[in-house]
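Thanks for taking a look at this one with me. Below are my notes as numbered points, to be read beside the model.

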Amino acid sequence: MPIVAQSTETTDWVSRFADEVIEESERRAPGKPVVVASGLSPSGPIHLGNLREVMTPHLVADEIRRRGHQVRHLISWDDYDRYRKVPAGVPGVDETWAEHIGKPLTSVPAPKGSPHPNWAEHFKAAMTESLAELGVEFDGISQTAQYTSGVYREQILHAMKHRGDIDAILAQYRTKKAPAKKQQQKPVDEAELEAAEGSGAAAEDDGSSGSAGYFPYKPYCGNCEKDLTTVTSYDDDSTELTYSCTSCGFSETVRLNEFNRGKLVWKVDWPMRWAYEGVIFEPSGVDHSSPGSSFQVGGQIVGIFDGKQPIGPMYAFVGISGMAKMSSSKGGVPTPADALKIMEPQLLRWLYARRRPNQSFKVAFDQEIQRLYDEWDRLEAKVADGSALPADVAAHSRAVGTASGELPRTPRPLPYRTLASVADITAGHEDQALRILSDLDPANPLTSLDEARPRYDKAEAWINTHVPADQRTIVRDEPDTELLKSLDEQARESLRLLLDGLADNWSLDGLTHLVYGVPKVQAGFSADATPKELPSEIKTAQRSFFALLYQLLVSRDTGPRLPTLLLAVGQERVRHLLGA
């Protein structure tokens with residue numbers, strides 16, 4: 001069933017933008033579908049910073065749909081951009097790919113072993129799959145298809161005719177470049193992932209400036225396919241254009257009203273598309289706030305195409321917490337697919353929905369993911385009992401589904417940290433995992449792991465790919481007899497109290513009560529005594545007791561939560577390892 005729109009009392013950022021976009025759309029194009037847009041360049045892995053370029057308009061578009069309006073979310077695949085460099089850390093790619101620098105991304109071979117026809121399609125495919133899992137509906141537009149089929153021919157001829165006006169606008173900013181900041185390179189797990197300015201435009205020039213003057217159009221060479229070309233002459237009446245290639249020396253004369261092998265430079269291409277598509281809303285990265293940025297310049301150039309600049313909030317960087325040494329991205333920046341291997345789409349959607357676009361946040365790949373899941377589960381409980389704040393309810397609603405309906409969810413969402421601990425201890429043995437999880441709540445036992453999926457699979461993937469080997473849990477095969485012999489009477493008594501209570505407390509709640517209660521009972525207090533009723537020394541005694549159990553069970557001072565660990569090891573083996 002479709003999700004019902006939030007009350008107008010909701011004051012979350014998505015609702016505020018939806019109000020503004022609907023009003024602006026009615027003013028510019030009354031009666032037509034609202035158009036929001038994103039742009040992605042498949043020049044390499046499309047990372048979690050780029051995902052904000054999609055999620056921001058997606059959330060706004062979805063709110064507009066919930067209110068009953070027609071809306072189109074366009075994703076322009078900038079696959080006709082030039083191949084600028086060979087990205088590091090991409091499997092199946094070596095230094096020989098450097099020979100393709102300057103060609104359109106759709107003319108560059110895909111990495112070795114890829115089933116896709118070219119470089120652009122290889123990286124588009126991974127992102128498209130992730131967007132489907134996230135519930136993002138969009139209309140994809142290939143810029144290769146647009147340019148090579150002649151869709152933009154009139155816009156190109158118009159830009160060439162008004163090249164002097166465009167050059168004058170760009171000239172206002174050519175001397176206003178902000179001084180380059182000297183930045184210390186950050187490791188991936190600390191880096192802020194920002195979307196490149198449009199289509200990798202940071203390294204793209206403003207146009208072709210040679211002895212014949214300025215031109216906002218770049219032909220791809222008819223011989224080597226590269227864009228290392230200079231327009232040497234152009235006639236507005238006949239549209240006859242001559243160019244030469246500085247890479248291979250090739251030159252030719254073509255008629256631009258028949259020629260489909262080239263594109264407008266980025267700072268002209270982007271505003272041209274705003275006007276052509278009638279875009280009302282499109283966000284951009286914080287780099288666009290600098291003088292001469294594409295968004296700022298585009299706001300003036302769009303008028304040449306009789307269009308208007310869209311509402312365009314700046315969005316902040318996305319950080320990464322603990323991209324582990326064992327990451328599957330093999331040195332590259334993490335992608336949405338990497339995140340979706342270890343977290344459910346609802347959690348990832350929530351991270352983007354709960355923060356305003358101008359607020360930075362981090363996507364966790366380290367232990368922080370367990371805390372995030374705890375926070376998410378608490379929010380779910382508050383939403384269920386009606387105690388959540390309106391803005392939190394709105395963010396939750398946007399996370400769990402779209403106007404089309406709820407995303408598939410885990411039937412029994414057990415705590416992520418518990419599932420991770422079980423996956424760690426059982427090392428892929430599903431029968432053992434089911435046995436442990438069934439013991440968590442004996443009154444309502446799990447009957448199949450499918451009830452805990454996909455959350456269980458995500459937690460297992462996190463353990464296997466992001467927890468270093470020296471932090472994994474390995475249960476002892478035999479008792480540590482030397483340690484057991486060295487224990488004093490108080491330590492021996494604590495083990496006896498634990499063992500005596502195992503059978504009667506064999507559940508997650510029961511074992512939690514038992515392990516925290518043993519030091520209380522030893523000190524002469526009730527096992528039910530609250531922290532306020534206990535001296536501070538009890539906490540010290542509890543820590544010492546826990547450390548002893550960890551040493552006897554896994555030969556370390558710490559490990560998974562003890563109740564979960566005890567359930568995982570099993571009663572018989574616990575008794576054996578504790579010297580019963």
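Is Gln296 buried, partly exposed or exposed? Gln296 is partly exposed, with a relative accessible area of 36% (buried means under 20% relative accessible area, exposed over 50%, partly exposed in between, with a 1.4 Å probe and protein chains only).

1. Ground rules. This is a predicted model, so to speak of local features pLDDT has to be at least 70, and side-chain atom pairs count only at pLDDT 80 or more, while totals for chains, interfaces and linings use all residues. Residues are numbered from 1 along each chain as its sequence is written, and side-chain values use heavy atoms, with hydrogens and water left out.

2. Overall picture. The protein has 21 helices and 17 strands; helices (H or I, at least four residues) and strands (E, at least two) are DSSP runs, numbered from the N terminus. Of the 580 residues, 52% are buried. Among contacts between residues at least 6 apart in sequence, 72% join residues at least 24 apart, where contact means heavy atoms within 4.5 Å.

3. Back to Gln296. This residue sits in helix H8 (residues 294-301). Gln296 and Gln309 are 13 residues apart in sequence, and their C-alpha atoms are 9.4 Å apart in space.

4. His47. You will find His47 in the loop between strand E1 (34-40) and helix H2 (48-66). His47 is buried, at a relative accessible area of 11%.

5. Cysteines. How many disulfides does the structure hold? The count is zero, a disulfide being a pair of cysteine sulfur atoms within 2.5 Å. Cys221 is in no disulfide, and the nearest cysteine sulfur, that of Cys248, is 3.6 Å away. Cys221 is buried, with a relative accessible area of 0%. For Cys224, the closest cysteine sulfur belongs to Cys245 and is 3.7 Å away, too far for a bond. Cys224 is buried as well, with a relative accessible area of 16%.

6. Strand E8 (residues 229-234) and strand E9 (residues 240-245) run antiparallel and are joined by five bridges; two strands pair if DSSP finds at least two bridges between them. Val231 stands opposite Tyr243 in E9. Five residues lie between the two strands of this hairpin. Thr239 is buried, with a relative accessible area of 7%. As background, most residues other than glycine have a negative phi, and most peptide bonds are trans.

7. Helix H13. What share of H13 is buried? In this helix (residues 416-426), 10 of the 11 residues are buried, including Tyr416, Leu419, Val422 and Ile425. The buried residues pack against helix H9 (336-342), helix H11 (368-385), helix H14 (430-439), helix H15 (455-466) and helix H20 (562-569).

8. After H13. Ala427 follows the helix and lies in the loop between H13 and H14. Its phi is near 50°, a positive value in a residue other than glycine. Ala427 is exposed, with a relative accessible area of 54%.

9. A cis peptide. Please look at the bond that joins Arg453 and Pro454: it is cis, with omega about 5°. Pro454 is in the loop between H14 and H15.

10. The second largest pocket. It holds about 370 Å³ of space. On a 1 Å grid over the protein atoms alone, a pocket is an open set of points where a 1.4 Å probe fits, with protein on both sides within 12 Å along at least five of seven lines, and lining residues have an atom within 4 Å of a point. Grid points are joined across faces, edges and corners, and a volume is the space filled by probe spheres set on the points. The lining has 21 residues, and Trp350, Arg354, Ala391, Asp392 and Ala395 lie nearest the centre. Helix H1 (13-28), helix H10 (345-353), H11 and helix H12 (390-400) each supply at least two lining residues.

11. Lining by class. Which classes line this pocket? There are eight nonpolar, three polar and 10 charged residues. Here Ala, Val, Leu, Ile, Met, Phe, Trp, Tyr, Cys and Pro count as nonpolar, Asp, Glu, Lys and Arg as charged, and the others, Gly among them, as polar.
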